[in-house]
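Try each task before you read its solution.

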Amino acid sequence: MPSLESAALMLPSGLHSADLDRLGVTLGADGATLRVWSGSADAMEVVVFDDVDLDWAVDSVSLQPIGGGVWEVTTPLLRPGTRYALRVDGPHGPGNTFNRGTLLVDPYARGLTRGGYDDWRSVVVDGAFDWGGVGKPGVPMDRTVLYEGHLKGMSKRHPGVPPALHGTYAGLAHPAMVEHFLSLGVTSIELLPVHAFATEPRLLQHGLANYWGYNSLNFFTPHAAYATEQARREGPEAVLREFKGMVRLLHEAGLEVILDVVYNHTAEEGIGGPRSSLRGIDNRSYYRQQEDGAYIDVTGCGNSVNTATDAAARLVLDSLRYWARDVQIDGFRFDLAATLGRDAAHEFTPEHPLLRAIIDDPELADVKKISEPWDVGMGGWQTGNFGEGWSEWNDRYRDRVRNFWLSDVDYARRASTAPVGIGGFATRLAGSSNTFSAERGPLASVNFVTAHDGFTLRDLVSYDVKHNLGNGEQNRDGADTNRSFNHGAEGPTDDATILAVRRKAMRNLLGTLLLSAGIPMLTAGDEFGRTQRGNNNAYCHDSPLTWLTWEHAPWQQDLFSHVQHLLRMRRENPALRPIRFARLDEHIPSASVMEWYDEHGETMSIDRWTNPSHRTLQYVAASTPENEEFNRILLIVHGAEHDTDVTLPDIDGVERYVPLWSSVDEAPGAARPVCEPGEVVHVPGTTMHLFRAE
């Protein structure tokens with residue numbers, strides 16, 4: 001691995017070059033100017049099509065090279081609503097795939113329309129929209145609670161949303177959905193990909209669809225299929241207007257909109273796949289490849305966008321600017337972000353100019369930047385290695401929390417003791433300081449137990465193995481290591497004891513997630529215990545299997561109440577959401593000073609941290625006020641299935657412990673007595689208990 005200094009020499013230096021400004025269509029008084037970058041093209045033209053018949057080319061005009069690899073034309077043919085495509089010709093040889101007969105999508109197109117499979121036209125849009133003075137909510141990072149969900153799946157079956165709006169942008173912003181988000185207590189809706197995407201031919205052959213959307217056609221256009229039928233009939237301008245209307249309505253409610261963005265690969269797949277845009281414009285420059293033209297695929301999707309070239313990196317940056325500025329998006333979650341940080345030698349560096357530019361760009365200063373810090377290439381696992389300004393999906397948190405409450409308990413049933421002690425779990429609870437630097441602090445960690453990819457929360461406590469036969473790959477797809485535990489029966493059961501233990505396990509997992517330092521991410525539907533019947537890779541199911549259901553049994557309503565209650569506890573107790581890590585014998589503003597006690601109320605010893613037979617911990621966090629009142633909490637964690645007695649710690653300044661929440665209760669809010677330091681409390685097996693220390 002080269003040093004950062006030597007790696008920087010291999011990286012693009014022209015990311016902010018003026019040559020790359022104003023790519024795409026810029027509207028003017030006398031038509032529009034179209035600018036397209038291709039470092040290797042010999043000729044380029046824009047073809048204009050009839051407004052109704054996309055097979056009828058009504059005119060064409062050539063673009064001219066103006067330097068720096070940019071081709072340009074100014075023409076009255078391009079106006080709002082115009083359907084157009086590019087034709088590009090160039091040299092043949094390894095790495096080049098030019099074909100003048102192929103109709104290509106403008107990479108900067110703000111609108112798309114479809115003639116058939118793999119048959120697309122770019123559309124000129126004006127984009128005018130009245131925001132009505134509504135601005136971004138600007139939720140502070142320490143108060144952020146992410147709610148990851150599918151645009152269509154969240155509202156598709158909601159009885160309070162009119163059928164015409166089911167599964168649409170307008171449906172997501174309907175008052176019934178907004179009420180749910182606000183009632184739950186989340187702050188930021190993180191949408192699975194909404195950039196225009198396509199379904200892979202392989203899935204179509206199996207009668208399936210790419211439901212999740214991680215297969216981008218274009219980085220500037222909202223996915224038209226998520227718009228209402230009326231907007232789709234009116235065209236791309238109306239689709240974009242509906243999207244912006246959704247953002248405005250959510251902002252009016254104080255809710256942020258975070259987009260899951262897929263810049264690491266495109267829908268053109270591997271060589272031999274569709275040639276719809278970048279491959280036909282300049283394959284050699286836009287995709288990572290060997291000298292002989294063979295693709296270097298670090299995404300597992302057939303191709304990898306080569307952000308070591310100026311034009312590809314700038315394409316990503318310009319797309320982010322567009323969504324943040326013109327569409328008022330509040331943040332981005334970068335799918336397989338390690339790919340974006342690979343240099344010309346295809347090695348990851350946190351100093352990559354694109355990663356630096358995303359953080360430093362003034363137009364992106366007010367947006368949240370969240371990385372999925374890995375890809376499938378060599379050196380692809382980079383959790384903790386992104387720079388300041390980034391938050392990261394913390395897979396180490398996910399795995400440790402699942403282990404503690406599920407696979408460790410499963411192991412202990414068979415071996416009489418858990419495989420590890422409580423120390424690693426406590427580190428994750430306190431903000432993962434062993435993964436993220438002091439400069440970045442606990443808010444660098446996006447904590448999650450489940451996500452769109454993998455088991456739902458309910459399935460995590462109900463299945464030992466995946467059940468993916470419906471995906472058409474003989475159950476080979478999806479993760480094999482899930483750290484799940486079915487608690488004695490695989491899948492559905494009528495055993496009341498097993499069902500009760502599963503419910504408690506879900507409460508423990510949710511309690512851990514929502515009481516941990518860092519930024520919590522809740523997966524849509526987990527607040528109700530949604531199931532996908534054991535499918536841990538449901539990317540190809542656009543069906544009731546993946547849509548949220550809104551009819552709930554009493555136990556599901558109780559679970560929802562627990563999530564509501566936990567999120568209220570998080571809001572009301574700043575000790576649970578520190579901004580910085582505390583340091584010994586220093587006063588660090590907006591940190592939480594943490595103390596750790598065993599079940600006897602004594603300071604934890606090394607043996608207690610590491611001994612697998614000791615799975616009980618008392619965690620005291622005291623805030624160091626900067627903008628809020630002083631606050632101190634006590635959290636008891638008992639990770640073994642036997643009951644135990646716990647002596648509450650005697651701490652200077654603490655006179656009483658006021659109970660706030662317990663995972664024992666089927667519904668939150670059960671009356672519990674106020675306790676005193678030194679008092680002995682009976683703690684049932686595998687439970688959590690939150691107190692405010694006063």
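The exercises below cover aromatic rings, charges over rings, and cavities in a predicted model.

**Exercise 1. Classify the ring pair F404 and F425.**

Solution. 
- Step 1: Take the distance. The two ring centres are 4.1 Å apart. Rings pair if their centres lie within 6.5 Å.
- Step 2: Take the angle. The planes of F404 and F425 are at 20 degrees. Planes under 30 degrees apart count as stacked.
- Step 3: Conclude. The pair F404 and F425 is therefore stacked. The structure holds 29 aromatic pairs.

**Exercise 2. Classify the pair W596 and W609, and find what the pair links.**

Solution. 
- Step 1: Centre to centre, the rings of W596 and W609 are 5.5 Å apart.
- Step 2: The angle between their planes is 70 degrees. Over 60 degrees counts as edge-to-face, and that is the class of this pair.
- Step 3: W596 is in strand β20 (residues 592-597), while W609 is in helix α17 (residues 606-610). The pair links distant parts of the chain, 13 residues apart.
- Step 4: W596 has 17% relative accessibility, so W596 counts as buried.

**Exercise 3. Which charged ends sit over the rings of F49 and W393?**

Solution. 
- Step 1: Over F49 sits the charged end of R121, 4.3 Å from the ring centre.
- Step 2: Over W393 sits the charged end of R333, 4.0 Å from the ring centre.

**Exercise 4. Describe the largest cavity.**

Solution. 
- Step 1: Count. There are eight cavities of 30 Å³ or more.
- Step 2: Give the volume. The largest cavity holds about 150 Å³ of space.
- Step 3: Name the lining. It has 15 residues; G149, H150, H452, R530 and T546 are the closest to the cavity centre.
- Step 4: Find the elements. β12 (146-149) and α2 (151-155) each supply at least two lining residues.
- Step 5: Sort by type. The lining has six nonpolar, seven polar and two charged residues.

Conventions:
Residues are numbered from 1 along each chain as its sequence is written. This is a predicted model: local features need pLDDT of at least 70, side-chain atom pairs count only at pLDDT 80 or more; totals for chains, interfaces and linings use all residues. Side-chain values use heavy atoms; hydrogens and water are left out. Rings of Phe, Tyr and Trp (its six-membered ring) pair if their centres lie within 6.5 Å; planes under 30 degrees apart count as stacked, over 60 as edge-to-face and the rest as tilted. Helices (H or I, at least four residues) and strands (E, at least two) are DSSP runs, numbered from the N terminus. Buried means under 20% relative accessible area, exposed over 50%, partly exposed in between (1.4 Å probe, protein chains only). A charge sits over a ring if NZ of Lys or CZ of Arg is within 6 Å of the ring centre and within 35 degrees of the ring normal. On a 1 Å grid over the protein atoms alone, a cavity is a set of points where a 1.4 Å probe fits but cannot get out, and a pocket is an open set with protein on both sides within 12 Å along at least five of seven lines; lining residues have an atom within 4 Å of a point. Grid points are joined across faces, edges and corners, and a volume is the space filled by probe spheres set on the points. Ala, Val, Leu, Ile, Met, Phe, Trp, Tyr, Cys and Pro count as nonpolar, Asp, Glu, Lys and Arg as charged, and the others, Gly among them, as polar.
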